[in-house]
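Please keep the model in view while reading.

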Amino acid sequence: MDFIDEDFIDHNKNNKNNHKKMEVDQNEELPTKFDMEMTIKYVANHGNDKNDFEYTMTEFLRMSGIYWGTTCLDIMGHLDKLDKKSIIEFIKNCQCKKSGGIAACDSHDPHILYSLSAVQILCIYDALDEIDIPALGKYVQSLQQIDGSFFGDKWGEVDTRFSFCAVAILALTNQMNLIDVDKAVEFVMSCVNPDGGFGSKPYAESHAGLIYCCVGFLSITHNLHRLETEKLAWWLCERQLKSGGLNGRPEKLPDVCYSWWVLSSLTIMGKAHWIDGAKLKEFIISCLDTETGGFSDRPGNMPDIFHTLFGIGALSLLGYENLKKINPTFCMPEEIVSKIYQAQILEY
Ligand SMILES: [Zn+2]
């Protein structure tokens, strides 16, 4: 799963009234219905035009873009709209022969984020055997540090996102034995804050995206008992604003992608009912761009494929009609994940 783009860049920096305005304006002109046909077209056509400005600009995210698109279409029951053969060919070309890691795009350096996106796409297509899985396992193993943490790539940045990516890749490829899981758990647990949340490293501020990574990590490694679930769920519930939308940290604007990070974490902990699901559904649908069929971060903004996946993913968690069930830990269709790996999920 790739969190490298805007959800970790402060969206609010671009909003000049941000210090005054912590909520969105909601008026009766906002969409109240989700037209799936249009959204299917939006996702299927995304990135089709290789001369498109956006296509060139997002080269560094290409692998994750494909993951967002395939997952989104599969959840809407239309994976057939994408060309499986060319996607698999693209992934094969992105695996580094030397390290075994996978890059966002061929000729780029491999990174654990794109390695996970590639594995998720291959799982969806039941095509894991198309790449060198043992080499990928060795790559992930090589990124674990003595304190149990993980580098994202050879450049040596440490982040709890990478701990999640490491165990997600190894779980989906059945190679968990390659790393020191106990040490990996100790590192993640060293990032818990007094508010019950998690940051990117020890003593870093709690953030809903990183909480998802750490809760997802504990779900994959079957260590959810290490969480103070009541305290953490309470912090997550406080992310819901009057509009029904969720923010990622206190004092921030709501954003569709946090619908996923917050609601999936609560679902894994068996506490999704602690937030107002009907209001959240309303907020997500109000972020649909009726001209294109894509979802944006907030009502009236430009849609993108990232927010479209996380909007639809959250709608699936909320039980929206005609959407396939999504797995809250891996953000992939449940029917795919259930055949591969059983992550820990707490009961209601
Ligand atoms: Zn966002």
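## Helix packing

In this predicted model, helix H7 (residues 160–172) packs with helix H9 (residues 208–220) at an angle of about 35°, and their axes lie 8 Å apart. The two helices form a left-handed crossing. On the H7 side, the contact uses Thr160, Arg161, Ser163, Phe164, Val167, Ala168 and Ala171. H9 answers with Leu210, Cys213, Cys214, Gly216, Phe217 and Ile220. By class, the H7 and H9 contact holds 9 nonpolar, 3 polar and 1 charged residues.

Next, a second pair. Helix H11 (residues 256–268) packs with helix H13 (residues 305–317) at about 35°, with the axes 8 Å apart. H11 crosses H13 in a left-handed sense. Val256, Cys257, Ser259, Trp260, Leu263, Ser264 and Thr267 of H11 make the contact with Phe306, His307, Phe310, Gly311, Gly313, Ala314 and Leu317 of H13. This contact of H11 with H13 has no charged residues, but 8 nonpolar and 6 polar ones.

The class counts can be set out by pair.

| H11 and H13 | 8 residues | 6 residues | no residues |

Which residues of helix H6 (residues 133–142) are buried? They are Leu136, Gly137, Tyr139 and Val140. These residues lie on the same side of H6, because they cover an arc of only 155° around the axis. The buried residues of H6 pack against helix H5 (112–124) and H7.

Key:
Residues are numbered from 1 along each chain as its sequence is written. This is a predicted model: local features need pLDDT of at least 70, side-chain atom pairs count only at pLDDT 80 or more; totals for chains, interfaces and linings use all residues. Axes are lines fitted to C-alpha atoms, for helices over the stretch in contact, and angles run from 0 to 180 degrees between N-to-C directions. Helices (H or I, at least four residues) and strands (E, at least two) are DSSP runs, numbered from the N terminus. A crossing is left-handed if the near helix is turned anticlockwise from the far one by less than a right angle, and right-handed if clockwise. Two residues are in contact if their C-beta atoms, placed from the backbone, lie within 7 Å. Ala, Val, Leu, Ile, Met, Phe, Trp, Tyr, Cys and Pro count as nonpolar, Asp, Glu, Lys and Arg as charged, and the others, Gly among them, as polar. A residue is buried if 20 or more other C-beta atoms lie within 10 Å of its own, exposed if 12 or fewer, and partly exposed in between; C-beta atoms are placed from the backbone. The arc is that of the directions from the helix axis to the C-beta atoms.
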